[in-house]
Amino acid sequence: MEFIGSVEHLTDIIEDGVQVDIALGGDLVFVTNEKDAIARLGSDDDAYVMQQRRMASRGRVFDKEKVFLYIGLDSEAATLLDGYKGRIVFQADQYLAYGLSLKSNSIVVGGSYPSGVNNDASVLVMVFTDNALQSVYERKSPITGYHCELLMADIVTRYPDHQIHWCAPLELPPMSDLTTNPLFVDAGQSATTVRVNRKVSLKKGAEKEGLYLVPGIVTALVGFFAYVGIVGFYWAGIESERNQYARLIAGYEEAYANSRHSLDLLRHREYYLRQTAESSVAVARLEVLLAGSAQIDRVMINSIGVSARNSDNESEIMSGEADEFNGGDFLIDVSIPADSSQGGARFAGEPLAKRLSALTGYSVQLMGHTEEMVTDRGQQIKYWRYRFGGGF
Amino acid sequence: MLTNKVLSIGLGAAFAAAFLLSLPKTVEAMSGLKNRQITANHALEEWREAYQALLPVNTVWENTFVSASQIADLVHLYRAFRFDQYGLFVDPDTTMQTSTESVSVNGVEVGVRKLCVGSAGAQVLAVHAPSVGELRVGIKALSERNDISLGQMTMQFDAQTGRPIVNISDACLVVRVDAESGEI
């Protein structure tokens, strides 16, 4: 790394066309920690191109009292550097980073030789107290024992407990009270080994603080993605249930659209199918009545009728009017030869009804009777004709 | 003094906070939505189980009852009774359709209709057979069909021929009416 402290030296580098890494300091740079000073400098003339201020304290992000280092680059140097391809750093940034890395209170002394090693050095002194830049001094002085003591006397007196770190490229001063001070440290290349890359503004106005859109946007996005993530998690749960619903309803969409009716219809159809056919019940009863009536001695069956009503059917199956036999369930119309010894048709009918009840198992009542003449093998025979009704 | 960086991060944080602060309500609403969906799924599952258990009814239903569309006229209706298959005789020349009624169970129309026939314009259908025994067997077989509905039955003998007759009121063929019941 080339340490450059004057426009002449910089011009030489540029004209040589060597693209080396350069560290700017000395006459090319104005360094201060006083905001008012840099403000005056920026408004007075165009001699310097202001750089973005540097945070000059450690671990104090949210402290109200912030400490900054302000750097101004010589305008002529800035013009010369426009288009330079090599890496450019400020010596002040190197010393600032080094000073902030030290745990103890320190005085970091660095600088450059604007006109060659044996000439006056541009010395930059930074005082760090409690991990923050406290003071900045820029001085010119030859690096000799006597001059070094003079250079540092007031500073060492003001900060007697601060370590003194003497940094390259300044040559180590000759033996003197300064170098024999137990707090004196030969830092050598420590401050310049690791390059501190900061943006170097070569045009006026570029030093203004950026909008820092990226951190803001990133912070907002973190919140947004956290929101999206959590909402997405819940949405995935809902989607899972919806998919389950879609799987369940597949093929049943139309039926489920009218779900209650569909189930009711199927249940009623099932019930309807399970019912013993009423007609077969009625036929079975007709058979019973026919068989029972046929067992009456010398009976002549005129007709036997049964209704289709099924009293066992609890459900109401509506399909037209109910069958009726004068209020009963059946009607038996039979005739038997008249037998006057029984005291007349009326008296003969009662035991006949009881007999029919016993034979059929149904409740049989005599509903009416008449007399009629029946021709049997050419003979007119008197018959009593009975109508019996009843219920199952 | 607030730096742009702090301001930017602050604004970003405020934006993020606006999202995060609205989360509880959003989550609550979405949880409600999910719970409603779970309830709906549960109801659907129960319904589907019941429906699947009852689905075979449809097959039996379709095998039991012919479609009304297959009974285009009185000839088809008469043939559908298949009287001759049971040794019964019904005069086709005097047989007429007497009524049509839909069947409902507990007030629910189940999708079938009764197409009823009678003899000579009466509500009663006269069914003959050569003998009482044949008549009994035939009527019994006819009555065992689920798609046949027989009303009041009166067995008697023809005054002239002495043949046994069963007069059946409301002798009906039960047919499917898919269009009216709706496909299920």
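**Sheet of chain A and the A–B interface**

In the predicted model, chain A holds an open five-stranded sheet of mixed pairing, in the order E10-E9-E8-E11-E12. Strands (E, at least two residues) and helices (H or I, at least four) are DSSP runs numbered from the N terminus, and two strands pair if DSSP finds at least two bridges between them. Strand E10 (132-141) and strand E12 (184-188) of chain A are the edge strands; each has a single partner strand, so one side of each lacks a neighbour in the sheet. The twist from one strand to the next averages 20°. Strands E8 (residues 106-112) and E11 (residues 163-167) of chain A are parallel and joined by four bridges, with A:Ile107 opposite A:Ile164. Residues are numbered from 1 along each chain as its sequence is written, and chains are lettered from A and ligands numbered from 1 in the order in which they are written. Local features need pLDDT of at least 70 and side-chain atom pairs 80 or more, whereas totals for chains, interfaces and linings use all residues.

At the interface, 66 residues of chain A are in contact with 62 residues of chain B (C-beta atoms, placed from the backbone, within 7 Å). H8(A) supplies the largest share of the chain A side, 24 residues. Four bridges also link E13(A) to strand E6 (residues 153-157) of chain B in the antiparallel sense, and A:Ser303 stands opposite B:Gln156.

In chain B, B:Ser169 lies in strand E7 (residues 164-169).

Note on methods
Two residues are in contact if their C-beta atoms, placed from the backbone, lie within 7 Å. Axes are lines fitted to C-alpha atoms, for helices over the stretch in contact, and angles run from 0 to 180 degrees between N-to-C directions.
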